[in-house]
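Me: I have a protein model open and would like to learn how to read it. Could we go through it one feature at a time?

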Amino acid sequence: MIFMRTDNQNIKNKLSFTQLILVSSLALSLLSSSLFAEEVNVYSARKGYLLQPLVDGFQAQTNIKVNVISGKAKVLQKRIKQEGANTRADVLLTVDAGNLYKAKEDGLLKRISSPKLNNLIPEYLRDDDGYWFGLSIRSRVIMYNPKNVESSDLSTYKDLASKKWRNRICIRSSSNIYNQSLLASIISNLGEDYAEEWARSVKNNFSKDPKGNDRTQMTSVVMGECDVTIANTYYLGKWIASEKDNERKYAEKISVFFPNQKTSGAHINISGAAITKHSKNEVNAVKFLEYLASDEAQKLYAQANHEYPIRDNIPVSEIVQSWGYPFKKDTLNLDELGKNNSRAVMIFDRVGWK
Ligand code: FE
């Protein structure tokens with residue numbers, strides 16, 4: 001009897017232990033589901049350090065968990081295409097209006113009608129049909145070596161085609177979307193024939209073959225291998241704020257010039273977002289985009305990557321301010337960059353800009 005009682009006791013103890021585990025795992029799952037009742041899945045071509053404060057801010061405000069998959073812009077777009085209806089992606093976060101236009105053309109995106117987004121994002125920074133939305137602005141400007149160039153020597157993108165710049169320009173290759181979008185804007189503003197003439201003349205002014213990214217060209221300017229380049233503003237912001245001594249030193253030896261201030265304004269582009277065609281969490285995805293366009297998130301964008309906010313009421317970072325702000329932006333509808341992309345690529349091919 002005694003043994004039996006002991007066995008029963010053991011069984012009871014065992015049961016209560018199992019029950020305890022069950023109860024605690026139930027409590028845990030309740031706890032985590034109360035922490036995050038909902039979720040949204042983001043495929044992001046933006047760097048983690050930039051995205052994390054935005055994700056934290058959104059999660060704290062909404063209780064919606066953000067799951068991020070990071071990768072290169074082209075790779076993520078390809079992945080969404082291959083995954084088709086099975087994709088987990090709700091949001092595509094990427095750079096360049098040209099990329100977003102391509103995603104729209106490829107049928108990867110869902111049309112969104114959000115009065116809030118339309119209200120927060122200026123019209124020229126979003127797709128006419130509501131397929132994608134600009135969330136931060138970058139300008140593609142002239143950067144020069146102040147030892148060899150006076151700022152009074154600079155004026156427009158057009159001027160870089162003049163003979164006075166022979167053997168003095170370096171710029172990255174035409175396979176990069178940033179240059180394709182710049183040329184697409186020139187096609188829109190000045191016509192296709194002129195755009196070809198411009199690309200040919202600028203190419204004739206190269207001091208070396210295009211190789212490397214914007215920062216490689218900026219380094220060449222610092223080293224005196226060329227006098228001017230065209231690069232995106234935030235790369236200089238990163239150098240100025242860098243923890244690396246050499247980058248901070250380089251930054252002192254290169255200056256920014258905003259072209260076309262008396263004409264169409266400096267070429268700008270965006271980083272932006274879109275909701276995928278097969279999104280399973282569309283409502284949460286819209287909320288995420290609305291958050292990214294809000295004042296709170298715009299302040300984070302402005303500070304984290306030295307980009308420009310999408311509305312003038314948000315202050316730029318101190319570094320960005322030091323280059324002169326506000327400046328005149330080209331307010332060409334950014335859809336044009338996508339529409340003219342293939343024409344731009346063909347022009348680069350014809351003129352031999354590698
Ligand atoms: Fe970039």
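Predicted model: local features only at pLDDT ≥ 70, side-chain atom pairs only at ≥ 80, totals over all residues.

Me: Is Ser44 buried or exposed?

Reply: A residue counts as buried when its relative accessible area is under 20%. Ser44 has a relative accessibility of 0%, so Ser44 is buried. Leaving aside neighbours within four places in sequence, Ser44 is in contact with Leu51, Val68, Ile69, Ser70, Gly71, Leu76 and Leu93.

Me: What share of the residues in the protein is buried?

Reply: Of the 354 residues in the protein, 53% are buried. The accessible surface comes to about 17,100 Å², and carbon and sulfur atoms hold 52% of that surface.

Me: How many helices and strands does the protein have?

Reply: The protein has 15 helices and seven strands. Among contacts with a separation of 6 or more, 76% are between residues 24 or more positions apart.

Me: Which domains is the protein divided into?

Reply: Domain 1 takes in 37-136 + 270-322, and domain 2 takes in 138-267 + 333-351. Their centres, taken over C-alpha atoms, are separated by 26 Å.

Me: How should I read the interface between two parts?

Reply: The size of an interface is often given as the accessible area lost when the parts come together. Here domain 1 and domain 2 bury about 1,700 Å² between them, with 56% of it on carbon and sulfur atoms. Asp96, Tyr101 and Tyr308 supply 28% of the area that domain 1 buries against domain 2, more than any other three residues. Counted by contacts, 23 residues of domain 1 meet 17 residues of domain 2.

Me: How do I read a helix?

Reply: An α-helix has 3.6 residues a turn, so residues three or four places apart point the same way. Now take helix H4, residues 97-105, which is mostly covered, with seven of its nine residues buried. Those buried residues are Ala97, Gly98, Asn99, Leu100, Tyr101, Ala103 and Lys104.

Me: What covers the buried residues of H4?

Reply: The cover includes helix H3 (73-83), strand S3 (91-95), helix H6 (177-190), strand S7 (268-275) and helix H14 (335-339). Helix H6 is also the place of Ile186. Ile186 counts as buried because its relative accessibility is 6%. Not counting residues up to four places away in sequence, Ile186 touches Gly191, Tyr194, Ala195 and Trp198.

Me: What should I look for in the backbone?

Reply: Most residues other than glycine have a negative phi, and most peptide bonds are trans. Asp96 has a positive phi of about 75 degrees although it is not a glycine. Asp96 sits in the loop between S3 and H4, and Asp96 counts as buried because its relative accessibility is 0%.

Me: Where does His306 lie?

Reply: His306 lies in the loop between helix H12 (295-305) and H13. His306 has a positive phi of about 55 degrees and is not a glycine either. With a relative accessible area of 9%, His306 is buried.

Me: Which residues does a cis peptide bond join?

Reply: The bond joins Tyr325 and Pro326, with omega at about 0 degrees. Pro326 is in the loop between helix H13 (318-322) and H14.

Technical notes. Residues numbered from 1 in each chain as written. Heavy atoms only, no water. Helix = DSSP H or I, 4+ residues; strand = E, 2+ residues; numbered from the N terminus. Buried < 20%, exposed > 50% of the residue type's maximum accessible area, 1.4 Å probe, protein only. Contact = heavy atoms within 4.5 Å. Areas by Shrake-Rupley, 256 points an atom, 1.4 Å probe, with all protein chains shown as cover. Domains from an automatic or database assignment. Buried area = accessible area lost by both parts, 1.4 Å probe.
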